Amino acid sequence: TSALVDSDEDDDDDDDQWRKPCVTMGKLTPKEVKRRTGFQDLHQLLSYNAVVYGGDLGEMAKTVTKMTWLEELILYHEIAVGRAKGRIQDFAAEYDCSEKPP
């Protein structure tokens, strides 16, 4: 099983299965990564975060919302560096995000 894929077959919570991710690796051109995060490209973004997470990709892939790990990573950097948007409502609308139920 891959560290970046949720393989919990006993999980009955399929609420986020209908949600189509708005950020995918295929859509992230170097120009888009630079615009959203300030990093030169996806490789630089993921390399930086791998160091931040001490090389633990399983930890890096954990999520706290219905978004994918990549969406949460991009969103974090968008907010942290203040790029693209200025209001939380704008982020919530674009990412269709909400907290996971307990």
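Me: Which residues does Glu 72 touch, not counting residues up to four places away in sequence?
Reply: This is a predicted model, where local features need pLDDT of at least 70, side-chain atom pairs count only at pLDDT 80 or more, and totals for chains, interfaces and linings use all residues. Residues are numbered from 1 along each chain as its sequence is written, and side-chain values use heavy atoms, with hydrogens and water left out. Contact means heavy atoms within 4.5 Å. By that rule, Glu 72 touches Lys 62, Thr 63, Val 64, Thr 65 and Met 67.

Me: Is Glu 72 buried or exposed?
Reply: Glu 72 is found in helix α4; helices (H or I, at least four residues) and strands (E, at least two) are DSSP runs, numbered from the N terminus. Buried means under 20% relative accessible area, exposed over 50%, and partly exposed in between, with a 1.4 Å probe and protein chains only. Glu 72 has a relative accessible area of 15%, so it counts as buried.

Me: Which element gives the largest share of the lining of the second largest pocket?
Reply: A pocket is an open set of points on a 1 Å grid over the protein atoms alone, where a 1.4 Å probe fits, with protein on both sides within 12 Å along at least five of seven lines; lining residues have an atom within 4 Å of a point. The second largest pocket is lined by 14 residues, with Asn 49, Tyr 53, Glu 72, Leu 73 and Tyr 76 nearest its centre. Two or more lining residues come from each of α2 (42-52), α3 (57-60) and α4 (69-81). The largest share, five residues, comes from α4.

Me: Which class does the aromatic pair of Phe 39 and Tyr 48 fall into?
Reply: Rings of Phe, Tyr and Trp (its six-membered ring) pair if their centres lie within 6.5 Å; planes under 30 degrees apart count as stacked, over 60 as edge-to-face and the rest as tilted. Phe 39 is buried at 14% relative accessible area, while Tyr 48 is partly exposed at 43%. With 5.2 Å centre to centre and 45 degrees between the planes, the pair is tilted.
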